[in-house]
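Biologist: I would like to learn how to read helices, strands and burial in a model, so could we go through some cases slowly?

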Amino acid sequence: MFIGMIIVLIFVSALSSPSKSVKSGSVLEISLENPIMESEMDRSVSLFDMSEEPEIYLQDIIHSIEEAKNDDNIKGISLKLDKLSGGVTQAADIRNALLEFKKSGKFIYAYSNTGTQLSYYLNTVADQIYQNPLGGTLLQGLSSDVMFFKNAGDKYGVDFQVIRHGQFKSAVEPYFRTNLSEENRVQISELLGDVWGDIAGTISKSRKIAPEQFSLITDSLYSYIPEVGKEYKIYDVVAQENEYQQMLFKKLGLTADKSKTDFEVLDKHTIKIEDYYSTLSEKSEKDEIAILYASGTITDGDGFDGIQSKTYVEAIRKIGENDNVKALVLRVNSPGGSANASDEILFELAQLKTKMPIVVSFGDVAASGGYYIAQVSDKIYAQPNTVTGSIGVFGMIPNAKKLFNNLGLDFDGVKTNANADQLKSLTTPLSATAHGTMQKSVVMIYNRFVNHVAKNRKLSFDQVDKIGEGRVWSGTKAKQIGLIDDFGSLDVAIKEAARLAKIEKYSTENYPKRKDSFEEMMDKLQGKNVEMKLAQELGSDGVKIYKEIKLINQQKGVQLRMPYDIEIQ
């Protein structure tokens, strides 16, 4: 039965989707209902979704908009972004592409039911924004909540033994405090202020609203009620979606057909961006620029869950062995992670740097280890809203002995030396020697981090140390203090890499290379996936305990990790 289901799934996934074409006088519809992915490394593998149909990635979206600009069959763009799920720098890249599209003189209209601040940020590029009368967008600014674990640790028996270096290295604050330190409050406030200042400035400029007026609109939640939002120029037209469709029908100059409704005619002249991309031909050139996508937490190991050091070291070596590759663009979207894994990747990139130029492009986050691996580059690009820096180090060895005791588990043992049980066990308090050793290790790695940055950014040790200490900066501030070179998208970084490599015609090739979905799924079914194996042995409750222990264990040891996540909604 199970084998039969697998065969059916393979057969279904092999079926090709019908080819799409673009009719004359069409509108390109952009809804982006699925999360915006940057590469196949963001792809998840499911038993019920083993299709090898190509995903549409961020660069594909931008490329499609660029092509539509000069496509005579495309008369304009319709934005329907209610379910937009992506990062603010991704939205900025798409928004810039839409602004370039508008230079063609073609229209852009937007319709919203219930949107997010991020979708509204994109919608403001439109000639007019149509809003459902019972929907609304909650423009309210940004907030960041930090969860603290100290009381939970005290209650359930986990002692988070923490060593850190850097005044602002707040990644470990949740483990020994119950509220924000003043230093952490300062950096979060400044970071949110910079990010929101850029978003609010862009929106108010596009909507021709004075900054003070937009601040009042935001503080008063005026956008939540469509008629009030229209009064304050947040929306242009409050209308039902079919009224918006009728407007598009007329804007395209379509002719009524007695055998079809106007909506059916419009549907035939509407092409979704995913379908439009499938109609475009790929460029193939001998010379290549490799794009290494480094997205997620940096860990030791071999796999496709985040940035696993062995996988990335192998990918970098393959890039170096490919004679067609003339330059590398490192695309970073990572809060950091393991110090050892980060250093392994940086070392391998340094070897590659002797063969070709390396340009770095930062996405939403390039902090701690994510910033560390960028330190053998010719140029670093970011966006004003990129979370950048966090040049600092911390170490943590959780002691969960009391937790295990509470679960009815006891431990006893022997050792040959005074510290034979130190720096590896989850059930042993740190000795004075182990604590001192780890403190020296943290300081040593911090100094190594600062030296790498000083060399690559052409700054002194003291200059980097002053802006380091674990502090997180916005891209705007990062440029001012020399942590990045310039603002620019991934496409800008690719063009700069081509310039440095002195090539004019080139293709791009993405790394690392993943296995196909079916092969990855078979690996899981054969027991190579630890969590699936444990689920079989322990059941769902056992897996929950495993995941909690895994989370604690991931923080064990010396880390180059960003303090918190910011989700803009």
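Modeller: Let us begin with Val-359, which is found in strand E13 (residues 358-367); strands (E, at least two residues) and helices (H or I, at least four) are DSSP runs, numbered from the N terminus. This is a predicted model, in which local features need pLDDT of at least 70, side-chain atom pairs count only at pLDDT 80 or more, and totals for chains, interfaces and linings use all residues. Residues are numbered from 1 along each chain as its sequence is written, and side-chain values use heavy atoms, with hydrogens and water left out.

Biologist: Is Val-359 buried or exposed?

Modeller: Buried means under 20% relative accessible area, exposed over 50%, and partly exposed in between (1.4 Å probe, protein chains only). Val-359 counts as buried, because its relative accessibility is 0%. Leaving aside residues up to four places away in sequence, Val-359 touches several others, among them Leu-328, Tyr-381 and Leu-500, where contact means heavy atoms within 4.5 Å.

Biologist: Which residues of helix H8 are buried?

Modeller: An α-helix has 3.6 residues a turn, so residues three or four places apart point the same way. In H8 (residues 211-219), the buried residues are Phe-214, Ile-217 and Thr-218. They lie on the same side of H8, because they cover an arc of only 95° around the axis, taken from the directions from the helix axis to the C-beta atoms.

Biologist: What does the face turned away from the buried side of H8 carry?

Modeller: That face carries the exposed residues Glu-212 and Asp-219, whereas the cover over the buried residues of H8 includes helix H7 (182-206).
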